[in-house]
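Let's take a friendly walk through a protein model, one region at a time. Keep the structure open beside you as you read.

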Amino acid sequence: MKVKKIPMRKCVACGENKPKKDLLRIVNNKEEGIIVDPTGKKNGRGAYICKDISCLELAKKSNRINHALNAEINEEVYKEIADYVTNSK
Ligand SMILES: [Zn+2]
């Protein structure tokens, strides 16, 4: 029997490796700028974060997403991430 490999990604805040589907992707897309990418399929440089408000706060406080994407993350984007994080509970 073939074991299906689960794609793992690392959370930018806590540094834990988790299955991709348990994380939220934020992508630096050429056309759209910094966007939340729940499908995980958008082009661009991506950063992953746990669907956990404490990870979001940590990432925000330490500007981890900025560093990961090499871009400025504005309040709108954080708000959007927070929406996904709180709604996924
Ligand atoms: Zn995390």
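## Two asparagines in loops

Asn70 sits in the loop that runs between α2 and α3. This is a predicted model, and every description here refers to that prediction. The phi angle of Asn70 is near 55°, which is a positive value in a residue other than glycine. Is Asn70 buried or exposed? Asn70 is exposed, because its relative accessible area is 62%, and the cut-off for exposed is over 50%.

Now look for Asn63, in the loop between α1 and α2. Asn63 also has a positive phi near 55°, again in a residue other than glycine.

## An asparagine in a strand

Asn29 lies in strand β3. With a relative accessibility of 6%, Asn29 counts as buried. Which residues does Asn29 touch, once those up to four places away in sequence are set aside? They are Ile35, Lys42 and Asn43.

Not counting residues up to four places away in sequence, Ile49 touches Cys11, Val12, Leu23, Leu24, Ile26, Cys55, Leu56, Ala59, Ile65 and Ile81.

Cys50 belongs to strand β5, which covers residues 45-50. Cys50 counts as buried because its relative accessibility is 4%, while the cut-off for buried is under 20%. Leaving aside neighbours within four places in sequence, Cys50 is in contact with Cys11, Cys14, Lys18, Asp22, Leu23, Cys55 and Val85. Cys50 and Ala82 are 32 residues apart along the chain, and their C-alpha atoms are separated by 11 Å.

Cys14 is partly exposed, at 36% relative accessibility, whereas Cys55 is buried, with a relative accessible area of 7%. A disulfide is a covalent bond between the sulfur atoms of two cysteines. How many disulfides does the structure hold? The number is 0.

## Where the helices come in

Tyr78 has its place in helix α3. Tyr78 counts as buried, at 6% relative accessibility. Beyond its neighbours within four places in sequence, Tyr78 is in contact with Leu56, Ala59, Lys60, Asn63, Ile65, Asn66 and Ile73. Tyr78 and Glu57 are 21 residues apart in sequence, with 9.2 Å between their C-alpha atoms.

Ile53 is placed in helix α1. Because its relative accessibility is 35%, Ile53 counts as partly exposed. Setting aside residues up to four places away in sequence, Ile53 touches Ala82, Val85 and Thr86. For Ile53 and Thr86, 33 residues apart along the chain, the C-alpha atoms are separated by 7.1 Å.

## The largest pocket

Next, turn the model to find its largest pocket, which holds about 180 Å³ of space. Its lining is made up of Lys20, Lys21, Leu23, Leu24, Arg25, Asp37, Pro38, Thr39, Gly40, Lys41, Tyr48 and Lys51. Which element gives the largest share of this lining? Strand β3 (residues 23-29) does, with 3 residues.

By class, 6 of the lining residues are charged, 4 are nonpolar and 2 are polar. Leu23, one of the residues lining this pocket, is also among the contacts of Cys50 and of Ile49.

## Near the start of the chain

Finally, find Lys5 in the segment before β1 (8-10). Lys5 is exposed, with a relative accessible area of 78%. From Lys5 to Gly46 is 41 residues in sequence, and the C-alpha to C-alpha distance is 21 Å.

Technical notes
Residues are numbered from 1 along each chain as its sequence is written. This is a predicted model: local features need pLDDT of at least 70, side-chain atom pairs count only at pLDDT 80 or more; totals for chains, interfaces and linings use all residues. Side-chain values use heavy atoms; hydrogens and water are left out. Helices (H or I, at least four residues) and strands (E, at least two) are DSSP runs, numbered from the N terminus. Buried means under 20% relative accessible area, exposed over 50%, partly exposed in between (1.4 Å probe, protein chains only). Contact means heavy atoms within 4.5 Å. On a 1 Å grid over the protein atoms alone, a cavity is a set of points where a 1.4 Å probe fits but cannot get out, and a pocket is an open set with protein on both sides within 12 Å along at least five of seven lines; lining residues have an atom within 4 Å of a point. Grid points are joined across faces, edges and corners, and a volume is the space filled by probe spheres set on the points. Ala, Val, Leu, Ile, Met, Phe, Trp, Tyr, Cys and Pro count as nonpolar, Asp, Glu, Lys and Arg as charged, and the others, Gly among them, as polar. A disulfide is a pair of cysteine sulfur atoms within 2.5 Å.
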